[in-house]
Amino acid sequence: MLSTPLQASDLQQRQSDLKQLQSQISKQQSDLKNTSKQREKLINLLKKDEKAIASAAKKVNETKTSLTQTDKQLSKLNNRQIELNKLKKIQQESLSNQLASAYLAGNHDYSKMLLNQQSPATIERLLTYYQYLNNARMASINELQETMIELEKITQEQISQKDRLNKLILNQQQQAKQLTLEQTQRQNTLSLLQKTLNSSGAKLEQLQIEEASLKRVVEQAITAMRNSPKMDGLSSKNKLSWPTKGRIKSGFGSQRSGQVKWKGVTVSAPEGQTITAIAPGKVIYADWLRGFGMVLVVDHGKGYMSLYGHAQTLLKNAGDLVNKGESVALVGRSGGQTEPGLYFEVRHKGQAVDPARYCKR
C-alpha cells in the first residue's frame with residue numbers, strides 16, 4: 001500500500017516547511033539576500049516534492065503494468081476453459097457411445113465362449129477385440145478425468161487472478177490519490193518559487209546555476225562511460241525514432257535567455273507518456289537534477305550519450321542495460337516546469353549535438 005504513515009508524515013512536514021517559507025518570504029520580500037536563501041530552500045523542497053511524485057508515479061505505472069498482465073492471464077485462462085469444456089463434451093460423448101456399444105453387444109461370458117467349441121484362432125481374435133474395446137474405454141475415462149482435473153485447476157486460478165485484479169484496482173486508486181496529493185504540494189512550492197524569480201536577473205542566475213549542474217553531470221557521465229561495455233554508438237546514417245511523440249517546443253541552439261542557448265530540444269507531450277531509449281546502451285545517471293528534474297542519461301558507446309529530462313518518473317536505475325525502444329521514463333514536468341514535456345539531448349564526447357542529426361524528422 002502506498003499511503004503509509006511514514007509517507008503521510010513526510011508530506012505533512014513538507015507542507016509545514018512550505019508554509020514557514022511563505023511566511024518568511026512575505027516578511028523579507030525587499031531583502032534580496034534573504035530572498036535568495038529562501039529560494040534555495042524552496043528548490044530543495046521542490047526536489048523533495050518531485051522525487052515523491054516520481055516514487056508515486058512509478059508505483060502507479062507498475063500497478064498499471066500488473067493490471068495489464070493480470071488481464072491477459074485471465075483472458076488466457078478463460079480461453080483455455082472454453083477449449084476444455086468443448087473437449088470434455090467430446091470426451092463424454094465418445095465414452096457414452098463406447099458404453100452404449102458395449103451394452104448392445106451384450107455381456108460376454110468367456111467360459112461359455114470356450115465351451116461353444118470354437119476354434120482357438122476364433123477365440124483369440126475375439127479376446128483381442130474385447131481387450132481392445134476395454135482399453136479404449138479405460139483410455140477415454142482417463143482422458144476425461146485429466147480434463148476435469150485441469151478444469152478444476154483453471155477455475156481455482158481464475159478465482160486467484162480475479163482476487164489479485166481487485167486488489168490491484170484498489171491499490172491503483174490509492175496510489176492515484178497519493179500522486180494527486182504530491183502534485184498539489186509540488187504546485188504550491190513551485191508557485192512560491194516563481195515569485196522569488198520575478199526579475200530577469202534572478203532567472204538568468206538560475207539558468208546559469210542549472211547549466212553548471214548539467215555540466216557536472218555530463219562530466220560524471222563521461223567518467224562513468226570508461227567502465228561501460230563496448231557498444232556501437234550512434235550513426236547519423238541510420239535515422240532513429242524520437243524518444244517520445246510530440247511537438248518540438250524549443251529547438252537545438254535556440255535562445256533560452258540572454259546568452260544561454262538550448263543544448264537539446266524540448267518536446268511537448270502528455271504527462272505520463274512513455275519515453276524510450278533511442279538506441280541500446282547502459283544507464284549511467286538516473287536522479288533529480290536542478291532545473292531538469294528527474295534525469296536519465298544513457299551511454300551508447302564510442303563517446304555518445306543521450307539525456308532525458310523533466311521526467312515524471314524514471315523506470316531504470318544507474319547500471320541498467322537498455323535496448324533500443326525500451327521504456328526508460330515517463331513524460332513529466334519536473335525541474336520546475338509548468339507544462340509537461342521531455343528535455344532531450346544527444347552528446348558526443350561531452351559536446352552537445354543536434355538530436356535531429358540522429359532522429360527522424
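Colleague: Is His 310 buried, partly exposed or exposed?

Modeller: Keep in mind that this is a predicted model. His 310 lies in strand E8, and its phi is near 65°, a positive value in a residue other than glycine. The cut-off for buried is under 20% relative accessible area. At 4% relative accessibility, His 310 therefore counts as buried.

Colleague: How many aromatic pairs does the model have?

Modeller: A pair needs ring centres within 6.5 Å. One of the pairs is Trp 262 with Tyr 343, 5.7 Å centre to centre. By this rule the count comes to five.

Colleague: What kind of pair do Trp 262 and Tyr 343 form?

Modeller: Planes under 30 degrees apart would be stacked and over 60 edge-to-face, with the rest called tilted. For Trp 262 and Tyr 343 the angle between the planes is 40°. That makes the pair tilted.

Colleague: How many residues apart in sequence are the parts that this pair ties together?

Modeller: Both Trp 262 and Tyr 343 are buried. Trp 262 sits in the loop between strand E3 (260-261) and strand E4 (265-268), while Tyr 343 belongs to strand E11 (residues 341-348). So the pair ties together parts whose separation in sequence is 81 residues.

Colleague: What about Tyr 304 and Tyr 358: which type of pair is that?

Modeller: Tyr 304 is in strand E8 (residues 304-314) and Tyr 358 in the segment after strand E12 (351-353), so this pair ties together parts that are 54 residues apart in sequence. Tyr 304 is buried at 13% relative accessible area, and Tyr 358 is buried at 3%. The ring centres are 5.8 Å apart and the planes stand at 75°, so the type is edge-to-face.

Colleague: Which residues make up the aromatic cluster?

Modeller: Two of its members, Tyr 308 and Phe 344, also turn up among the residues touching the most other members of the largest nonpolar core. The one aromatic cluster is formed by Trp 242, Tyr 308 and Phe 344.

Colleague: Leaving aside neighbours within four places in sequence, which residues is Leu 234 in contact with?

Modeller: Contact here means heavy atoms within 4.5 Å. Both partners of the edge-to-face pair, Tyr 304 and Tyr 358, are on the list for Leu 234.

Colleague: Strand E10 (residues 327-331) is mostly covered; how many of its residues are buried?

Modeller: Three bridges join strand E5 (residues 274-276) to E10, running antiparallel, and Thr 276 has Ser 327 as its bridge partner in E10. E8 is also joined to E10 by three bridges, again antiparallel, with Thr 313 opposite Leu 330. As for cover, E10 has five residues, and the buried ones number four.

Colleague: Over to helix H4 (residues 120-195): is Gln 185 in there buried or exposed?

Modeller: Gln 185 touches Leu 11, Arg 14, Gln 15, Leu 18, Leu 45 and Asp 49, not counting residues up to four places away in sequence. Its relative accessible area is 3%, so Gln 185 is buried.

Colleague: How far apart in space are Gln 194 and Leu 42?

Modeller: Gln 194 is in helix H4 too, and at 36% relative accessibility it counts as partly exposed. In sequence, Gln 194 and Leu 42 are 152 residues apart. In space, C-alpha to C-alpha, the distance is 9.8 Å.

Technical notes: Residues are numbered from 1 along each chain as its sequence is written. This is a predicted model: local features need pLDDT of at least 70, side-chain atom pairs count only at pLDDT 80 or more; totals for chains, interfaces and linings use all residues. Side-chain values use heavy atoms; hydrogens and water are left out. Rings of Phe, Tyr and Trp (its six-membered ring) pair if their centres lie within 6.5 Å; planes under 30 degrees apart count as stacked, over 60 as edge-to-face and the rest as tilted. Helices (H or I, at least four residues) and strands (E, at least two) are DSSP runs, numbered from the N terminus. Buried means under 20% relative accessible area, exposed over 50%, partly exposed in between (1.4 Å probe, protein chains only). A nonpolar core is a set of buried Ala, Val, Leu, Ile, Met, Phe, Trp, Tyr and Cys residues joined through side-chain atoms within 4.5 Å. Two strands pair if DSSP finds at least two bridges between them.
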